[in-house]
Amino acid sequence: MFSRREFLMAATATSALLGSGMAGNWSRLMAQQGLTEDALLSMQPTGNLTLIHITDIHAQLKPIYFREPSINLGIGDVEGKPPHVTGADFLKLYNIQPGSPDAHALTSDDFAALAQSYGKVGGMDRVATVIKRIRAERGNDNVLLLDGGDTWQGSYTSNVTEGQDMITVMNALNPDAMTGHWEFTYGQDRVQEVIDELPFAFLGSNIYDNEWDEPAFEAWKMFERGGSKVAVIGQAFPYTPIANPRWMIPGWSFGIREEDIATHVEEARSEGADIVVLLSHNGFDVDRKLASRVDGIDVILTGHTHDALPEPVIVNNTLVIASGSNGKFVSRVDLDVKDGKVAGYGYRLIPIFSDVITPDAEMAALIDEVRAPYEADLARKLGTTESLLYRRGNFNGTFDDLICQALIEERDAQIALSPGFRWGTSLLPGQDITFEDLHNACAMTYPAAYRSKMTGQMLKEILEDVGDNLFNKDPYYQQGGDMVRVGGMGYTIAPNRDIGERITDMTLLSTGEAIDPQKEYVVAGWASVNEGTEGPAIWDVVENHITKNPTVKLPDNKSVKVVGI
Amino acid sequence: MTLTRREALGLSAGAAAFLAIGTKVSFANADATEAAIMEFTGGATPAEGKISLDTPEIAENGNTVPVGVTVDSPMTADSYVASVLILADGNPNPAVATFHFSAISGDAEAKTRIRLAKTQNVVAVAKMNDGSTFIDRKEVKVTIGGCGG
């Protein structure tokens, strides 16, 4: 426990500083609960088979801060159901003590203050420790390690190496299978080249060759573990060619294709599978609906929407497991398999508190090695933030506001649009903003910051379209990104209404005037899915802005009003 | 640098055209779709079942959307699918295709790719050799795209 003592001392010091009953309460609780590696990892074993699930790492090799959403609305049938529960409601639902380690890991309440004490999360060297320990405890032949994708993208080093840093690190962890989404934004040739060399299966039941409409990827694979035959079906993000540039993967078509999954379940059972697992990048609500419609899936390891739930959601006898993002969590699913069925299960969503879990020395060395050529760049300080910077949540986060501000000022625009990605790490008040931190918020392969004129009508249509991708009552029509972030313009949104009727009161913030549907506005944005988009890379735009304004201070965004919920 | 709206956001030309024309056209097209169904069935309301459409929930490219149709039929001289009508109720002209079958077709299955101007229903109606008709409808969303992830 290299830093447990330091860790507890820091916690005590902070609680003394804050001096509130609340702070004293949680630091005591932490001590009582003995936040140790053993406490985080130990669980009563069940059965012979263990699935380890990690997903949406977004290329975060090193520990980071990651604030969970304070707003994550569910529409229609899923309103108020996990994962569409946040803050105090979440703690109540799962009976978690406010201020406790689990509360800090799973919600955004008091995030900045608690993060000071609990420290950073994630780090692939800590993840390696957890995985090795589970394998040692359960036996190598009884464990499957499954990666849900969005692994190769999300950092400066992943972007400049076309994912190679992550591929090297993941190969060292020896996974059994993965599926993908942002992986595809390195382009079809790069993905094909990597997959050809990959020492494990890249599964995609729903990826078809565009020309002949034939399956383009291995759909599923049978493993023998823990004395059982375990079929793993892979499901890549169904809307990759819509949410991301189609021109980068011209030969591949995706889609939900639930009938294909049903076919593979039948194939797997007929070939003697005791257990069927869907390794999915569908997003939580899509997988919940899919579980209700496709029989015979024992476990869905879901990804894409970055939700972290401390218990499985059970739908139609399927355990739906949500394992968070950014290396912040690792899921351990123990299964007791009898007569081709799950007779019992044990589940632990393990939060990777990086000050508590000892880094694996081999992996730490490998991470240092892959990062070494870039260390000088990564550490370069651009500025300091006085505010908590974060992205995750349905509407503008403060990091998005910083990006929008940079777009408006550096590109001389009236209005800025920034994509509602769910990746992007957080920074605490008082932290330096480094080159690495900035790239964690925008590293990707189509970064051009365009400047264009759009009518008010066009802007409304964009907001309506993205709003429907997020809030359509049928999850199969959702794309899993959050709402497009807007700078320089306020609006009101009624998520429960239909497309065309959600967005009202669009206002140009600089003048307070209503947006005129006929009038043209200068709009800057980035991450256009269209080929040939021109403009400087978004990270250069934001770096220039921070260099000129090195102290960042951004209150929470008040220009989006949510009504009718 | 000047970008057109389409370049910046990938809005399909069809969707822009729809917006310019407004919603009256979509009602007119819905009427035209109903009229085309009635003409095909000889005025009878087609039943649900037997026919199933295979379409994506969201089109990857509105200009070429794969559409498949399958009709459950023994395809014998006594009982076979005579024809299948495909319509797109939000296109400027809803008529897409009519596939003709006979008992020797073997299976009543067809696949094609169609252009969809905007989010709309694709409709398929099967006419059996005895004159009975069956219908399926699926909504296909045509979206600007981007921002997912």
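Reader: Which residues have the most contacts inside the largest nonpolar core?

Author: A nonpolar core is a set of buried Ala, Val, Leu, Ile, Met, Phe, Trp, Tyr and Cys residues joined through C-beta atoms within 7 Å. A residue counts as buried if 20 or more other C-beta atoms lie within 10 Å of its own, as exposed if 12 or fewer do, and as partly exposed in between, with C-beta atoms placed from the backbone. In this predicted model, the largest such core has 189 residues, and those with the most contacts inside it are A:Leu203, A:Val232, A:Ile233, A:Val277, A:Leu407 and A:Val542. At least three residues of this core come from each of domain 1 (45-64 + 142-349) and domain 2 (380-562) of chain A. Domain bounds come from an automatic or database domain assignment.

Reader: How are the residues and chains labelled, and what limits apply to a predicted model?

Author: Residues are numbered from 1 along each chain as its sequence is written, while chains are lettered from A and ligands numbered from 1 in the order in which they are written. The model is predicted, and local features need pLDDT of at least 70, side-chain atom pairs count only at pLDDT 80 or more, and totals for chains, interfaces and linings use all residues.

Reader: What is A:Ile233 in contact with?

Author: Two residues are in contact if their C-beta atoms, placed from the backbone, lie within 7 Å. Leaving aside neighbours within four places in sequence, the contacts of A:Ile233 include A:Leu203, A:Ala219, A:Trp220, A:Ile261 and A:Leu278.

Reader: How far apart are the centres of the two domains of chain A, and how many residues does each give to the contact?

Author: Taken over C-alpha atoms, the centres of domain 1 and domain 2 of chain A are separated by 30 Å. Domain 1 of chain A gives 28 residues to the contact and domain 2 of chain A gives 20 residues. On the domain 1 side, helix 8 (156-160), helix 11 (240-243) and helix 13 (284-293) of chain A each give two or more residues. Helices (H or I, at least four residues) and strands (E, at least two) are DSSP runs, numbered from the N terminus.

Reader: How many helices and strands are there in chain A, and how compact is the chain?

Author: Chain A has 19 helices and 25 strands. Its radius of gyration is 23 Å, close to the 24 Å that the globule rule gives for 565 residues, so chain A is as compact as a globular protein of that length. The radius is taken over C-alpha atoms, and the rule is 2.2 Å times the number of residues to the power 0.38. Buried residues make up 57% of the 565 residues in chain A.

Reader: Is A:His306 buried or exposed, and where is it found?

Author: A:His306 is found in the loop between strand 10 (299-302) and strand 11 (313-315) of chain A. A:His306 is buried, because 29 other C-beta atoms lie within 10 Å. Beyond neighbours within four places in sequence, A:His306 is in contact with A:Asp56, A:Gly324, A:Ser325, A:Arg392 and A:Arg422.

Reader: What pLDDT does chain B average?

Author: The pLDDT is the predictor's confidence in each residue, from 0 to 100. Chain B averages 83, and 78% of the residues score at least 70. Over residues 1-26 of chain B the pLDDT is below 50. Where pLDDT is low, the predicted coordinates should not be read in detail. For the complex, the predictor gives an ipTM of 0.83 and a pTM of 0.90.
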